[in-house]
Amino acid sequence: MKPTMIVRRVAAFALHRQPGIGQALIAVAALLATVAADAAPSHIEGPADRGMLIDPTRPVTRISGERFDLSYYTAQPAPTRVQVRRGDLPFAARKLAGRMEDPWVGSGVRTIEGPSGERTQHRISVRGLEPGGRYFYRVFDPATDPTSEETRWGAQKPWRREYSVSTPAGAGHRTLVRYPVKVLLMPNVINVESAYVDPASPATRPEKLTDAQLALVREELDRAARFFFVNSGMRLWVDFAIAIDDRWQRWGPEPGAAEDFYKSWPMCRSYAGQDYHQPGGGDFTAVDLREPHRVLDGPIVEDPPFYGQVEIAFPRRWEPGRNQWTFYASGGGTLGVDSVPDGLPGRSQFFGGYDTAWLTTHEVHHQLESLGRLSLADREDERIVYNHWSPRSRSRGPDAASGPEGSKGVHPWTTSDRHGEHYDGMAFWDRTLSDSQWLRMHLVETVVVADVDDDGFPDDDARLPLDERRFGSDPAKARTDGRTLDIDKAMLSTWAPAPLQARFDKPMPTFARPDPTHPDSDRDGWNDDEDPYPLIPREPFVYPFSATIDGDAAEWLNVPLGGAMAVNGPENLELEFRQGHDAAAYSGLIRARGEWAQIRIVIDGEGLGVYSSDSTQALRILNGDEIRVDHKDRFFPRAPGLRWAASRGHDGWGNIEFGLPNMGDGLMYWRGAGREVGTYIEITDSHGYVRSVHEPYRLFYCRMLERPGKDPMPANPPSELAADGERVVVLKPGDARLRTRGVGWKLENGVYRHSGPGEDAIYLENISATDFDLWTRVEARSDAILGAFVAGSPMSATSDYVAFVGGYANTRSRLRLFGAEEGDTAAIVAPGLHSMQLSRRGGVVWCLWDGQPILWAVDPEPKVVIDRLAILGGYGGRQGLHEIRFRSSSGINSPTSEAPDHSPKP
């Protein structure tokens, strides 16, 4: 039975530290995405807002409609005391709202006393509150002198700075926190100079963006708001208020040759004196939605205030080669909410001609990160996680926005986990915040909405990014499908709109959304509350399979699909994916037909998340006259040891096989089955639209299944070493180049014979080789043993590269590679002469017996250099050595002419 999917993680984990309070955060998106200590989980006693939110190891330990409890520490013993007020405006936002009176003075402020006496560890309960209310508090700490920054956020000795709590609304309702963001769109911004690059042939006049195009931009903002809403557990409402300045505006100087049409256009407010100003392309200003034409660079007064702002210009330049006006590509920049006490909101700025939904989501998330730092406890388990992901590290260079602690290459807070890129990373980490943490956001408005069935999903509210009516669930039933809570049903998806792409007219999603009326959304026979992947109708397994990597898809016929998509329309796209593994490699087959240009597959070989290790690999498959495969990915440009082959069938299918080595030169390594491998696949059509097979950037983790029986032998075993072969050296017993160790080997009538139980060696030294072949003609009662050894290693049957036939009293034959036994064969030692060969080449180790390959295994250390080849005697095997042949990449570097040494050696 499949394990139950964990729909929502409620324990908060690590978050990357941001700059200190008051220090503006500038975050670079660049159109891309650049667990520490567990905390006790927050949970709800009863459904939705009807119960108590419990978070025992954080500063606010309990929240209900009528109370919240605090836990805090003071460095010196002090009375337990807290000030509380109800209101709508934080102390720090007074200038922004134009209300400069001190809210901590007056009859609306209560002082709550805790237990009598003085102490350093404090617990206090604030009671008598109203459901759905917004409350601010300060704790009493007379021994602490507030910093200037803490004072900006409401600290007044003997009180610490101000924080806030929104109380749950009670039965039939839900409390949300609303983060209001004003958005200024400037759709008609033109680089006039570019129109006159060729004065003799100036550009055609640009057209203004149409109402239909602007409607698409609004949809992009709606998608960003819905993404935040769903992945916060429907607690955070990012509410975009949009103004449009549709005047013709200029980007850069006005050329003297400009015709009257271009004359006297105002300079775009975002222009920063150069064509592209890092990181977002332009400059930051202060926007007044009441007068969007007015350019401000200082404080702004709005009541109620906007705590966030986004400026989106759509500059275009003329491209003579394409004979058209094209949008600028853009990264994004963000200044956090640190400047709210100065009368300025958090601000993001970027160009609108790329992927507006993504840039809005990414950059506004940076505002939210600073909001989380100022709302919560400024520690690793109390943050909205920074969305340029990285594992904890001392050696990684700092990100441009990583803050002071990254200044010496230290990345002290974990910001990566088991997730994919871009949208998926934000969805993963935002879901680690508990409900109580979302209700502790500071620069927000508290909003109560209807939730009749107490399932946590608002019923029917057109203001919100999503509600039950639009989702299709029943507001009167907590479990419309009869099994899964409606909010958990919606959260089966991250609601990411599409993979990143340079356009705002995105294709319709090709991936599944949850079905609110059916218990099994993907109809794969597993109900959503039992299915680890409720939206993917595939079994989550990597199948035992050995691919030949020749571009022929026929051999994959019996391997089940690991992904598929079909798009009807002009492109008529189809894609299928299958994957397999054996001891040597992870392999895959991608088939595609229709008007496709490129396929991208990201592979998380460790199953830990694409940013959590250095083993993530990505392949590009390029369609053209011939199909090509490379690993020139922008984010994960590595795939050492990649093998691939492609073909195109008469039916229009392109067949692409690839293999990534296990161990050896590759980044992946495993032994046996059980490893999870995550894959993400997207396809770009001939018009530049990008679609994902599953949800954008969400990896499908599949577990390697065990293989019954033997792994099939690779198709290219080495042949037996012939005496007259190229570069083959033939040695007879007694040859001066053969060395002996121990007393067991004796030269008798031209044959080395071994007696006694001790392990002794006949060996060649000074080899210094990687690939080699060691062939012997031997006889034995048992234990025919060949070995190859790395410098400094002992020559032993348990070291480095060893092949033995007839070991364990002539019952078993194996390869033993660095102590691990590999392979299986029925061959044992029979009376008479036999040939035995140990070969190492191309990342595989082989053993041949009587000219036939009987054992093989993946070389765990294909780059190490061996310096000795040996024949081991002992274990009562009574071995006889008649002839030796060897070939290596070096021969013998310093052959000795001394007589063989039969004396004992340590």
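This report describes the predicted model of a protein, from its overall dimensions to selected strands, helices and residues.

## Overall architecture

The protein has 906 residues, of which 58% are buried. Its secondary structure consists of nine helices and 42 strands. The C-alpha trace extends over about 110 × 85 × 55 Å along the principal axes.

Carbon and sulfur atoms account for 50% of the accessible surface, which comes to about 34,400 Å² in total.

Strand β39 covers residues 844-849. Six of its six residues are buried, so the strand is largely enclosed by the rest of the structure. The cover extends to both faces: Val 844, Trp 846 and Leu 848 are buried on one side, and Val 845, Cys 847 and Trp 849 are buried on the other.

Strand β39 is paired with β38 (residues 834-841) in antiparallel fashion, through six bridges. Within this pairing, Gln 837 has Leu 848 of β39 as its bridge partner. The two strands form a hairpin with two residues between them. Gly 842, located in the turn, has a positive phi of about 60°.

Strand β40 (residues 852-858) also runs antiparallel to β39, and six bridges join the two. Here Val 844 stands opposite Val 858 of β40. This pair likewise forms a hairpin with two residues between the strands, in which Asp 850 adopts a positive phi near 50°.

Helix α5 spans residues 423-430. Eight of its eight residues are buried, and the helix is thus described as mostly covered. The buried set comprises Tyr 423, Asp 424, Gly 425, Met 426, Ala 427, Phe 428, Trp 429 and Asp 430. The elements that cover these residues include α3 (211-231), α4 and α6 (435-438).

The loop between α4 (356-375) and α5 contains Asp 378, and His 422 lies in the loop between these helices as well. Most residues other than glycine have a negative phi. Asp 378, however, has a positive phi of about 55°, and His 422 has a positive phi of about 50°.

## Cis peptide bonds

Most peptide bonds are trans. In this model, the bond joining Lys 157 and Pro 158 is cis, with omega of about 15°. Pro 158 is placed in the loop between α2 (148-152) and β7 (163-166).

A cis peptide bond is also found from Asp 303 to Pro 304, where omega is near 5°. The loop that holds Pro 304 runs between β10 (249-250) and β11 (308-319).

## Cysteine residues

The count of disulfides in the model is zero. Cys 268 is buried, with a relative accessible area of 2%. Cys 702 is buried too, with a relative accessible area of 0%. A further buried cysteine is Cys 847, which belongs to β39.

Arg 812 lies in strand β36, which covers residues 812-817. The residue is partly exposed, with a relative accessible area of 33%.

Apart from its neighbours within four places in sequence, Arg 812 is in contact with Phe 804, Val 805, Gly 806, Gly 807 and Glu 821. Gly 654 is 158 residues away from Arg 812 along the chain, and the C-alpha atoms of the two residues are separated by 46 Å.

Terms used: Residues numbered from 1 in each chain as written. Predicted model: local features only at pLDDT ≥ 70, side-chain atom pairs only at ≥ 80, totals over all residues. Heavy atoms only, no water. Helix = DSSP H or I, 4+ residues; strand = E, 2+ residues; numbered from the N terminus. Buried < 20%, exposed > 50% of the residue type's maximum accessible area, 1.4 Å probe, protein only. Areas by Shrake-Rupley, 256 points an atom, 1.4 Å probe, with all protein chains shown as cover. Pairing = 2+ DSSP bridges. Disulfide = S-S within 2.5 Å. Contact = heavy atoms within 4.5 Å.
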